[in-house]
Amino acid sequence: MDELQFRRQAYSDPNNQDPDFLDAAMESADREAFLSDLKGLDNKIDRALKVDVPDDLAAKLLLGQQLQHHHTQRRKTGFAFALVASVAFLAGMTFTLLRMAPVDLGQHALAHVYHETTALTVDQDVPFQDVNFQLASLAGTNEMKFTRQPGKVFYSTYCDFQGVQSLHLVMQGEQGKVTLFIVPLEDRMVLDKAFADNRYQGMGFETDNAYMLLVGEQHEDLNYVKNEIKQTFI
């Protein structure tokens, strides 16, 4: 399924259970994130439409129809248009606010690692020239690049940090693998120098044009990759 067909089906029914549609959604983290946003928006609209109905509403409507049928129909039509406009406005505002809300980079990085577990199992042996090509397409990162190979790069792809296109790499640490996220600078981003959960260690630092987020199981691996980046990245 190509990107246009996938997005058309996602917009028309984000909860579609068709196997081809589900397989297409799992082909990339960007598609899964896009579909998750649409599902969230769909749920918010559904909740907005669930208005509590007064117990005596049916009686009042019946009486109104008997006395002023034409007037009642006009009021219903006006209410329907107002409700549609309100829901559309609420949906637009909700989507905008979600995109403007502060982003905890550390927690977002951990969620990405758990969400895209296959990234830690592949070995694409990516040359740094390919990584630089991907970096060049990110907003505000035209001046950033690797000057040489920063150790072995197993995996490289684009990812989404709450609407900001970023780069997702998996690199060789001192012993184990380390996930590196390169995220263009934005004011709403919140960077912690250290973060963790019960499985992974995380480290964050900032360059002139981007946030660097490292996630791995051993702190020694994070320091190893950080040193590799500082020696090869400008």
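Reader: Where is Q162 found?

Author: Q162 is found in the loop between β2 and β3. Strands are DSSP runs of E with at least two residues, helices are runs of H or I with at least four, and both are numbered from the N terminus. This is a predicted model, in which local features need pLDDT of at least 70 and side-chain atom pairs count only at pLDDT 80 or more, while totals for chains, interfaces and linings use all residues. Residues are numbered from 1 along each chain as its sequence is written, and side-chain values use heavy atoms, with hydrogens and water left out.

Reader: What phi does Q162 have?

Author: Most residues other than glycine have a negative phi. Q162 has a positive phi, near 50°. This residue belongs to the hairpin of β2 and β3, which has 2 residues between the strands. Q162 is partly exposed, with a relative accessible area of 23%; buried means under 20%, exposed over 50%, and partly exposed in between, using a 1.4 Å probe and protein chains only. D125, also not a glycine, has a positive phi of about 50° and is found in the loop between α6 and α7.

Reader: In which sense do β2 and β3 pair?

Author: Two strands pair if DSSP finds at least two bridges between them. Here β2 and β3 are antiparallel, over 8 bridges. S156 stands opposite L169 in β3.

Reader: Which residues of α8 are buried?

Author: An α-helix has 3.6 residues a turn, so residues three or four places apart point the same way. In α8 the buried residues are D221, L222, V225, E228, I229 and T232. They lie on the same side of α8, because their arc around the axis is only 125°, taken from the directions from the helix axis to the C-beta atoms. K230 and Q231 are exposed, on the face of α8 turned away from its buried side.

Reader: How many residues are in the largest nonpolar core?

Author: A nonpolar core is a set of buried Ala, Val, Leu, Ile, Met, Phe, Trp, Tyr and Cys residues joined through side-chain atoms within 4.5 Å. The largest one has 23 residues, of which L135, L180, I182, L214, I229 and F233 touch the most other members. Elements that each supply at least two residues of this core include α7 (128-136), β4 (177-184) and α8 (219-232). Another core, apart from this one, has 16 residues, among them L105, F195, Y211 and V215.

Reader: How many aromatic pairs are there?

Author: Rings of Phe, Tyr and Trp (its six-membered ring) pair if their centres lie within 6.5 Å; planes under 30 degrees apart are stacked, over 60 edge-to-face, and the rest tilted. The count is 3 aromatic pairs. Y114 and Y200 are edge-to-face, 5.3 Å centre to centre with 70° between the planes. Y114 is in helix α6 and Y200 in the loop between β6 and β7, so this pair ties together parts 86 residues apart in sequence. Y114 is partly exposed at 35% relative accessibility, whereas Y200 is buried at 5%. F146 and F233 are also edge-to-face, 4.9 Å centre to centre with 70° between the planes. F146 lies in the loop between α7 and β2 and F233 in the segment after α8, 87 residues apart.

Reader: Which ring does the charged end of K226 sit over?

Author: A charge sits over a ring if NZ of Lys or CZ of Arg is within 6 Å of the ring centre and within 35 degrees of the ring normal. K226 has its charged end over the ring of F205, 5.2 Å from the centre. K177 lies over the face of F154, at 4.4 Å from the ring centre.
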